[in-house]
Amino acid sequence: MGQYGSYILVAYALGAVVLIINVILPMRRRKTVRARLREFYRAQEQSR
Amino acid sequence: MNIYKYSSPKAFYPLAGKLIPWFAVLTALLLGAGLYQGLFVAPPDYQQGESVRIMFVHVPAAWMSMFIYVLMAGAGAAGLIWNAKLSEIFARSCAPIGAWFTFLALVTGSIWGKPMWGTWWAWDARITSELILLFLYLGFMALQASIDDPKRAARAAAILALVGVVNIPIIHFSVEWWNTLHQPASVSRIGRPRIHISLLIPLLLMAIAFTTYFVTVVLLRIRNEILERERHTSWVAALIRGNA
């Protein structure tokens with residue numbers, strides 16, 4: 001890739017990071033949401 | 001088949017779960033083909049040399065940044081007009097993905113600009129209007145986060161998104177309306193694209209891959225939003241208790 005190799009690698013690496021982040025964030029949030037909802041329903045049951 | 005039933009979060013949630021693996025596989029295949037074509041098959045450009053390969057990330061990211069914004073504003077409008085909960089959820093789920101694509105378009109453009117223009121940044125009409133798009137996305141998310149009631153938050157953010165739509169034609173036509181450092185359109189011209197087919201193929205493959213990728217991640221986000229928004233319903237309670 002000649003003299004532009006470092007620019008190309010940085011651009012593609014950044015693209016990969018952005019794509020990976022956008023998969024990881026909702027998957028992690030899914031776990032958080034489910035844990036929070038489990039707590040929510042448990043609290044509801046205890047208050048009855 | 002009645003497709004309108006899928007406008008209900010309860011019906012859409014399992015459908016999204018079924019669609020995600022298909023779009024994920026399609027994305028992986030298209031991304032693999034696009035990267036192979038872009039990095040190993042496409043020849044260097046006669047003017048830009050090897051740096052043209054940055055375009056295979058930069059241009060699809062810029063297209064996605066505008067496409068997602070239009071979808072987000074359209075969903076916001078549908079939420080305002082028809083009071084459709086799923087539209088509000090869709091608009092909210094689009095915003096962070098659109099913001100990331102805008103960020104990627106700006107930074108890869110900057111990385112390309114340094115060797116080609118001799119500068120990382122220029123206050124050029126195309127680049128500045130794209131930066132405004134990033135601020136619109138951030139404003140949309142900030143506005144939603146600042147209002148506790150999801151219904152009111154969705155309505156306020158939808159109005160902001162609709163006002164911001166005016167920026168999309170400005171981004172697109174900025175290179176024609178003003179004398180900019182950024183080059184004019186070479187693919188989306190009416191008539192024949194100026195770009196050679198050997199460069200057009202990886203560009204389009206990457207653009208389609210980014211689109212299917214967007215569908216995959218927006219569905220992931222929509223499922224999370226549905227669970228949060230529908231937590232008072234019996235079906236979400238049953239779903240969560242069933243998996244506890």
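**Figure 1. Order of elements in chain B.** From the N terminus on, the elements of chain B run α-α-α-α-α-α-α-α. The model is predicted. Chain B holds 8 helices and 0 strands.

**Figure 2. Overall dimensions of chain B.** Taken along the principal axes, the C-alpha atoms of chain B fill a box of roughly 60 × 35 × 35 Å. Of the 244 residues in chain B, 41% are buried. Contacts reach across the sequence of chain B: among those between residues at least 6 apart, 76% join residues at least 24 apart.

**Figure 3. Helices H2 and H5 of chain B.** Helix H2 of chain B spans residues 55–82, and helix H5 of chain B spans residues 150–164. Their axes come within 8 Å and cross at roughly 135 degrees. H2(B) and H5(B) are therefore oblique to each other. Their crossing is left-handed. H2(B) brings B:Met72, B:Ala73, B:Gly76, B:Ala77, B:Gly79 and B:Leu80 to the contact. From H5(B) come B:Ala154, B:Arg155, B:Ala157, B:Ala158, B:Ala161, B:Leu162 and B:Gly164. By class, the contact of H2(B) with H5(B) has 9 nonpolar, 3 polar and 1 charged residues.

**Figure 4. Helices H4 and H6 of chain B.** The axes of helix H4 (residues 125–146) and helix H6 (residues 167–177) of chain B come within 8 Å. They cross at roughly 160 degrees, which makes H4(B) roughly antiparallel to H6(B). H4(B) passes H6(B) in a left-handed crossing. On H4(B), the residues that meet H6(B) are B:Ala125, B:Arg126, B:Ser129, B:Glu130, B:Ile132, B:Leu133 and B:Leu136. On H6(B), their partners are B:Asn167, B:Ile170, B:Ile171, B:Ser174 and B:Val175. The contact of H4(B) with H6(B) divides into 7 nonpolar, 3 polar and 2 charged residues.

**Figure 5. Where chain B touches chain A.** The contact takes 26 residues from chain B and 24 residues from chain A. On the side of chain B, the elements that give two or more residues are helix H3 (85–117), helix H7 (197–229) and helix H8 (234–243). H3(B) supplies the largest share of that side, with 8 residues. By class, the side of chain B that touches chain A has 15 nonpolar, 4 polar and 7 charged residues.

Methods:
Residues are numbered from 1 along each chain as its sequence is written. Chains are lettered from A and ligands numbered from 1 in the order in which they are written. This is a predicted model: local features need pLDDT of at least 70, side-chain atom pairs count only at pLDDT 80 or more; totals for chains, interfaces and linings use all residues. Two residues are in contact if their C-beta atoms, placed from the backbone, lie within 7 Å. Helices (H or I, at least four residues) and strands (E, at least two) are DSSP runs, numbered from the N terminus. Ala, Val, Leu, Ile, Met, Phe, Trp, Tyr, Cys and Pro count as nonpolar, Asp, Glu, Lys and Arg as charged, and the others, Gly among them, as polar. Axes are lines fitted to C-alpha atoms, for helices over the stretch in contact, and angles run from 0 to 180 degrees between N-to-C directions. Angles under 35 degrees count as roughly parallel, over 145 as roughly antiparallel, 65 to 115 as roughly perpendicular and the rest as oblique. A crossing is left-handed if the near helix is turned anticlockwise from the far one by less than a right angle, and right-handed if clockwise. A residue is buried if 20 or more other C-beta atoms lie within 10 Å of its own, exposed if 12 or fewer, and partly exposed in between; C-beta atoms are placed from the backbone.
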